[in-house]
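Me: I would like to go through the charged side-chain pairs of a model with you. Please keep the answers plain.

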Amino acid sequence: MTSLTLALLAAAVALLGGSGRAAAGRLAALRPASPESRSPPVSARQAAVAAVALGVAVVVGGPAGIVAAALSGVGASRLLRRLEPAASRRLRELRAARLPITLDLLAVSLRAGSPLVVALEVVSTALPGPLATDLATVARLQRLGAGVDAAWSRYLDDPALGPVVRSVRRSASSGSALAATFERLAAERRDAMAAAGEMRARRAGVLATMPLGLCFLPAFVSLSVVPFALSLAGTVLR
């Protein structure tokens, strides 16, 4: 059994090695991190897959257990690969939460008469956070002579800065007021965040009442449905 355990552990680690490296690469693209900060999520996934494979092998046993453990390891690896890393999710949520105040500050700077490059530099310095590096990068590229499309191109598909990029491009081509657009985007993002928070609160309320319903359901069936069904069956049979 020891050799089987070692074999399953090695198989689980090998199955998840590629997915762990891919997840770490995607996270590094969003936020620079040290090797120590990236290693715990990968090892945790490897341990999870190994635990699933070992549990299946112990429960099933025999040659069938080996086959079932291999299949369960593959399934667990694919399932964990599709899950968003916790650090990546926290970073995405933090960027979305900081976007409204960032847009408000940019609008204030623009209404004060500052060019967009200066507004980006001022806001990135005054408001440190997950968006400060992005704003400073765009400002640096424009200072070096890059056009609007080239400076903002890498953030076109970004969940937080994507609408900002499209607004900046429209303003550069049509000359529309960018400060009002930033204020509108900030208001829309706050409304969306408020609606999402209300939806999460409602979902939490529903999930909190589910155990209570599951506790009362057997009693309701035993005290109401079963006696009525037995009485009706007795009447029909007589």
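Me: How many salt bridges does the structure hold?
Reply: The structure holds eight salt bridges, a salt bridge being a side-chain nitrogen of Lys or Arg within 4 Å of a carboxyl oxygen of Asp or Glu. This is a predicted model, in which local features need pLDDT of at least 70 and side-chain atom pairs count only at pLDDT 80 or more, while totals for chains, interfaces and linings use all residues. Residues are numbered from 1 along each chain as its sequence is written, and side-chain values use heavy atoms, with hydrogens and water left out.

Me: Which residue forms a salt bridge with Arg95?
Reply: The partner of Arg95 is Asp158, with the closest N and O atoms 2.7 Å apart. This pair links distant parts of the chain, 63 residues apart: Arg95 is in helix H4 (residues 86–111), and Asp158 is in the loop between helix H7 (148–152) and helix H8 (162–174). Helices here are DSSP runs (H or I, at least four residues), numbered from the N terminus.

Me: Is Arg95 buried or exposed?
Reply: Arg95 is buried, at 10% relative accessible area. Asp158 also counts as buried, at 15%. The cut-offs are under 20% relative accessible area for buried, over 50% for exposed, and partly exposed in between (1.4 Å probe, protein chains only).

Me: Now to another pair. What is the N to O distance between Asp149 and Arg169?
Reply: Their side chains meet in a salt bridge at 3.2 Å, N to O. Asp149 is partly exposed, with a relative accessible area of 47%, and Arg169 is partly exposed at 27%.

Me: Which residues does the neighbouring Val148 touch?
Reply: Leaving aside residues up to four places away in sequence, Val148 touches Gln142, Val168, Arg169 and Ala172, where contact means heavy atoms within 4.5 Å. Val148 itself is placed in helix H7 and is partly exposed, at 24% relative accessible area. The C-alpha atoms of Val148 and Ala172 are separated by 7.4 Å, although the two residues are 24 apart along the chain.

Me: And where are Arg202 and Glu198?
Reply: Both are in helix H9 (residues 178–237), four residues apart, so about one helical turn separates them. Arg202 counts as exposed at 58% relative accessibility, whereas Glu198 is partly exposed at 43%.

Me: Which residues do shared partners join into one network?
Reply: Salt bridges with shared partners join Arg95, Asp134 and Asp158 into one network.

How values were computed:
Helix = DSSP H or I, 4+ residues; strand = E, 2+ residues; numbered from the N terminus.
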